[in-house]
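Q: I'm new to this one and would like a slow walk through it. Could you put it up before we start?

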Amino acid sequence: MLSAKKFYLTCACLLCFVFLTLLLSLKIGAVQLDWKEVFSFQSDIVNKLRFPRIVLALLVGAGLSLSGTVFQALLRNPLADPFVLGISSGSAVGATLAILLGLTAFQPIFSFAAALLTILIVLSVSKNFNQHSLILTGVILNFFLDGSGFSFCTAWNNQPHWSWNNQPHWSWDN
């Protein structure tokens with residue numbers, strides 16, 4: 001457990017690291033900018049490309065860390081992740097169904113709805129909500145949904161699962 005002084009020192013060091021990373025991310029890229037262009041915010045590269053991406057990366061990172069903390073607190077397990085409760089597999093099955101039905105524009109909606117349905121199933125099956133039944137139910141559902149997603153792709157159109165990142169011609173040359 002950190003003392004208050006060490007906690008604040010750690011937070012200050014991490015904030016300095018984030019600020020330095022932000023500055024370097026504004027300067028370094030495919031097009032090299034000098035520091036005057038970075039700090040003047042007159043360049044379209046800074047205003048329309050780099051800075052919005054940095055802000056989005058910070059927000060996504062904060063959201064992921066918050067969701068990870070919620071998983072770990074809910075399950076009282078420092079190794080908890082979305083795979084443990086089957087949420088990732090449920091989301092992949094939803095995305096797979098959208099692809100197979102030709103509704104790729106609605107793939108995020110299918111994926112999110114399937115993830116919500118998966119967590120509702122896990123919570124309803126493990127009625128007493130203790131962490132052991134949640135984890136066991138989630139892991140079982142995870143394996144079931146993983147197999148279902150692979151089976152859908154194989155049976156429906158005889159193609160490998162999209163999440164395998166299938167590249168037909170892997171070699172060192174390409």
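Q: Which residues in H1 meet which residues in H3?
A: Val18, Leu22, Ser25, Leu26 and Lys27 in H1 meet Val46, Arg50, Phe51, Ile54 and Leu58 in H3, where a contact means heavy atoms within 4.5 Å. The residues of this contact divide into seven nonpolar, one polar and two charged, with Ala, Val, Leu, Ile, Met, Phe, Trp, Tyr, Cys and Pro counted as nonpolar, Asp, Glu, Lys and Arg as charged, and the others, Gly among them, as polar.

Q: Before I go on, what kind of model is this?
A: This is a predicted model, in which local features need pLDDT of at least 70 and side-chain atom pairs count only at pLDDT 80 or more, while totals for chains, interfaces and linings use all residues. Residues are numbered from 1 along each chain as its sequence is written, and side-chain values use heavy atoms, with hydrogens and water left out.

Q: How many helices and strands are there?
A: The protein has six helices and zero strands, and from the N terminus on its elements run α-α-α-α-α-α. Helices (H or I, at least four residues) and strands (E, at least two) are DSSP runs, numbered from the N terminus.

Q: Back to H1 and H3: at roughly what angle do their axes cross?
A: The axes of H1 (residues 4-27) and H3 (residues 44-75) cross at roughly 150 degrees and come within 9 Å; such axes are lines fitted to C-alpha atoms, for helices over the stretch in contact, and angles run from 0 to 180 degrees between N-to-C directions. H1 and H3 are therefore roughly antiparallel to each other, given that angles under 35 degrees count as roughly parallel, over 145 as roughly antiparallel, 65 to 115 as roughly perpendicular and the rest as oblique.

Q: What about H4 and H5, how do they cross?
A: The axes of H4 and H5 (residues 107-125) come within 7 Å and cross at roughly 145 degrees, and H4 passes H5 in a right-handed crossing. The residues of their contact divide into nine nonpolar, six polar and no charged.

Q: Where is Gly94, and is it buried or exposed?
A: Gly94 is found in H4, which spans residues 87-100, and at 4% relative accessibility Gly94 counts as buried. Buried means under 20% relative accessible area, exposed over 50%, and partly exposed in between (1.4 Å probe, protein chains only).

Q: What is Gly94 in contact with?
A: Leaving aside its neighbours within four places in sequence, Gly94 is in contact with Phe110, Ser111 and Ala114. The C-alpha atoms of Gly94 and Gly149, which are 55 residues apart along the chain, are separated by 8.6 Å.

Q: How much of the protein is buried?
A: Buried residues make up 27% of its 174 residues. One of the buried residues is Thr137, with a relative accessible area of 14%, which is found in H6 (residues 131-157).

Q: Changing topic, how many disulfides are there?
A: The count comes to zero disulfides, where a disulfide is a pair of cysteine sulfur atoms within 2.5 Å. Cys13 is in no disulfide, and its nearest cysteine sulfur, that of Cys16, is 6.5 Å away.

How values were computed
A crossing is left-handed if the near helix is turned anticlockwise from the far one by less than a right angle, and right-handed if clockwise.
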